[in-house]
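Take a moment to turn the model around on your screen before reading on.

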Amino acid sequence: MEILSLSGRVLLAEGACREATLWVQGGKVVQIQSGLDPKADICTAGFISPGWIDLQLNGAYGFDFSTDGRTVAEVAWRLPETGVTAFLPTVITSPWEAYPCRLREIGEALRLSGGARPLGVHLEGPYLNPVKKGAHTAGFLRPPDAVEALGLADESVRLVTLAPELPGALDVIRRLKSRGIVVSAGHSNATCEEADGGFEAGIGFVTHLFNAMSGLGHRDPGLPGAALASGVPCGFIADGVHTHPSVMKLVYRAKGPDGIVLVTDAMEAMGMPAGKFRLSDREVQVDRHSARLADGTLAGSILTMDQAVRNAVRFTGCLPAEAFRMASTTPAQVLGLEDKGKIFIGADADLVVLDEALVVTHTFVQGNPVFGSGQHPNAT
Ligand code: ZN
């Protein structure tokens, strides 16, 4: 079986980047040695990170997963150019009768996809607070119901975003968690106490911290205050539009890289020129910076994960290693993945090679080159 070697500043399992050389065989990392090897198949003056895992992606490259789940496979082929090696296709609140078809389509794509690996569906809704609906259609939102939720969440569902303060939500949280599904608080008007109740019931993630949720007041900290004070990792859209760069710095100081998950929340306009696009049944106007409904409400982003990593470094002053952890190690922990998100002997060889400016030059999924000129020796 072919052996591939890569050398550079590697994010090792201890959480820091060190000069090292890796050998990959059979889709796994089989050997790690300290020090650079200029004769490695790929030797970068930059970095080697575990593959990036996007927990919230609505679509990209002109495809919207909430409209057609089969397009997950198309997007999966192109995502590695952004350093993403695994992702959760995200379905926003949809007409109740549309869910079975959408989940069936995506379930099929989970089995067939090449390129970045779709790991399961992120259902964002339908149990969201209408007061914080963001770009979701109010008429499709539903009151939480545990029996209904268990019927909805088939084996393709990996993560569900809901508002924990809604009547019946705590029961839904407990039941979904007992089935191994990660539950996230989002599109929520929860008070701090209601959010804490959700965390106690088993919520393991927070969806796009600060966006579409109660505000952070010093006497009324809401969901963001509860999230910042908790040990629960928070998804963060680091595009400088959904939140001010200084707010990301504040979150970084409060939570550190183990408490932040870089998500793109990208929609179909990601990787496309500006213009008119869709997010589920909504029309979205996209310029060079943002995607918005006609009333100005943000409707997903056009952020790529590699840009999110560069922004995290720029906004917070963190080390590249810390930004890589926010894009790989922490999301892998949220999903309970043991073989991804860290580089160690026996880990999946999902790898991103970057130059010194943090531009992605090569991407590997389980040892297969899926972006860049994987065969060129000494490529930078
Ligand atoms: Zn959202």
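Start with Ser-188: its relative accessibility is 0%, so it counts as buried (buried means under 20% relative accessible area, exposed over 50%, and partly exposed in between, with a 1.4 Å probe and protein chains only). Before going further, a word on the ground rules: this is a predicted model, where local features need pLDDT of at least 70 and side-chain atom pairs count only at pLDDT 80 or more, while totals for chains, interfaces and linings use all residues. Residues are numbered from 1 along each chain as its sequence is written, and side-chain values use heavy atoms, with hydrogens and water left out.

Where does Ser-188 lie? You'll find Ser-188 in the loop between strand 12 and helix 5 (helices, H or I with at least four residues, and strands, E with at least two, are DSSP runs numbered from the N terminus). The side chains of Ser-188 and Glu-165 make a polar contact of 2.9 Å, and the side chain of Ser-188 also gets to the backbone nitrogen of Ala-190 at 3.0 Å. A polar contact is a pair of N or O atoms within 3.5 Å; within protein, one must be able to donate a hydrogen and the other to accept it, and residues adjacent in sequence count only if both atoms are side-chain atoms.

Now for the metal. Which residues are the protein donors of the zinc ion? They are Glu-124 (OE), His-187 (NE2) and His-208 (NE2), lying 2.0 to 2.2 Å from the zinc ion. Donors are N, O and S atoms within 2.8 Å of the metal (3.2 Å for Na, K and Ca), and water is not among the atoms, so sites may look incomplete. Along the sequence, the spacing of these donor residues reads E-x62-H-x20-H. Glu-124 in strand 10 (residues 121-124) and His-187, in the loop between strand 12 (182-185) and helix 5 (192-201), are 63 residues apart, so this pair links distant parts of the chain. Glu-124 is buried at 3% relative accessibility, and His-187 is buried at 4%.

What about disulfides, meaning pairs of cysteine sulfur atoms within 2.5 Å? A search of the whole structure turns up zero. Take Cys-17: the closest cysteine sulfur, in Cys-318, is 11 Å from its own, too far for a bond. For Cys-234, the closest cysteine sulfur belongs to Cys-192, 12 Å away, again too far for a bond. Cys-234 is buried too, with a relative accessible area of 1%.

Note on methods:
Disulfide = S-S within 2.5 Å.
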